[in-house]
Amino acid sequence: MKKFTQIICVFLTVASMSAQQEKGIMGYNNWLNNWTEFKPNKVEYGEANQILAGNISTNTKLLKKNVYVLQGNVYVTNNAVLTIEPGTLIIGDFETKGTLVVTKGASIIADGLETDPIVFTSNRSQKKAGDWGGIVILGDAPINKFGNVGSYNLDLDPSRTNYGGDNPAGNSGILRYVRIEFAGKKVKGLGTFNGLTLAGVGNKTILENIMVSYSAGDSFGFFGGDLSATKLVSYKSINDDYKFTQGVQFRLHNSLAVRSSYLSSNKDGSRCFEVASYEKKSETDFTKKQTLVIASNITMLNDSENINADIQSGLVKEAVYIAENASLEIKRSVISGFNPAVLLDSKTEINDANLKKIKFEEMFFNLCKGNIFTEFNSNNEDLESWYGNSVFFNVYSQSDNKETFIDIFNPKKPDFRLQLGKITASSGNR
């Protein structure tokens, strides 16, 4: 991994009530080492010598010794297993907007290594967000649409894009030590692909150490299903870093989102977290589970040389958006440099029932213009008072990122461990 000179909070220790609370991404060793890449446009990748196109209908293995070009929409079908060796390079073709779709019943085993990650990237010499499609994985786990079936179309074959079912323990394979770069092709009049889309994917699927960078769509899109994931990294997405919808039941731990004031599409309402239960209320079965996200040790950071100036100029919006009927429980996490930190849908009534579904505990809100607001409401004293209660151990700060967090890839600290910032603050401090 190249030296990353931006400032990121990886592990933040806050002294509170005589206890040490770990906030933000954490680990005894720096789990970002070796497999991540924060300057992918500077990397020289090899030339492709193999073509992936059409259908993969039998068990297939991609080998590290080859470089593959993904041409057009490539479907893994017929319950086939696509296995990818550690260190394999797959290049999305710009001309045909290569996209990999793992259809319902099929699976992908992309099990890389820390020192030998699997990389999906662009084949353009000047790489940009949206150069190719992305990875779409479709499973048979529950969603909250009527009939328990959805279809992820865009420009894909509609006969191959159904997802959803009644199997929360569905297994679509493994994604571990995988990078996805410059994905998110735009389909005129229909929308934008995500770096990684998981729709109706079940909880036997393994999602660990996955980095999506410079996606023109969302970095990670979760449409229904039942999933757990750890050590996910979203870096400078144009749209959302993590989108949760269609009744997904999601457990996310120890993960990172880094946004840019100048790249992220704030005018379109993109955020680090967008937590919603549906896109269309008329298609939603409210007898089924609505979206629930349980997250811990998350760092959400706006990468800016002057956050206050960027907020003032309107370049920075909220980090987290929670839509009507959705639930988010988040703790031991950092939100730094947003306007505000959290925004609740205007349709969400502030009452005991809803406050029990939206929990913020042991949080570090830093350099945000406001903390937890309701959309279109300038008076948020009730929310500020509620979440500022000392029982939640939330901390509020206005420390500049350069003062608060230490450069995580400082070459002068070769024995670096994940204790990057130390702040002393009492719980509920504003």
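Tutor: A charge is said to sit over a ring if NZ of Lys or CZ of Arg is within 6 Å of the ring centre and within 35 degrees of the ring normal. The model is predicted, so local features need pLDDT of at least 70 and side-chain atom pairs count only at pLDDT 80 or more, while totals for chains, interfaces and linings use all residues. Residues are numbered from 1 along each chain as its sequence is written, and side-chain values use heavy atoms, without hydrogens and water.

Student: Over which ring does the charged end of R271 sit?

Tutor: The charged end of R271 lies 4.0 Å from the centre of the ring in question. That ring belongs to Y321.

Student: How far is the charged end of R160 from the centre of the ring of Y75?

Tutor: R160 has its charged end over the ring of Y75. The distance to the ring centre is 5.1 Å.

Student: How many aromatic pairs does a search of the whole structure find?

Tutor: Rings of Phe, Tyr and Trp (its six-membered ring) pair if their centres lie within 6.5 Å; planes under 30 degrees apart count as stacked, over 60 as edge-to-face and the rest as tilted. Searching the whole structure gives a total of 20.

Student: What is the angle between the planes of Y152 and F223?

Tutor: Y152 and F223 form an edge-to-face pair, 5.8 Å centre to centre. The angle between their planes is 65 degrees.

Student: How many residues apart are these two partners, Y152 and F223?

Tutor: Helices (H or I, at least four residues) and strands (E, at least two) are DSSP runs, numbered from the N terminus. Y152 is in the loop between strand 14 (150–151) and strand 15 (162–163), and F223 is in strand 21 (residues 220–223). The pair links distant parts of the chain, with a separation of 71 residues.

Student: Is F223 buried or exposed?

Tutor: Buried means under 20% relative accessible area, exposed over 50%, and partly exposed in between (1.4 Å probe, protein chains only). F223 has a relative accessibility of 9%, and therefore counts as buried.

Student: Which residue forms an aromatic pair with F360?

Tutor: The pair is edge-to-face, 5.5 Å centre to centre, with 85 degrees between the planes. F360 lies in strand 31 (residues 358–361), and its partner, 27 residues apart, lies in helix 3 (residues 381–387).
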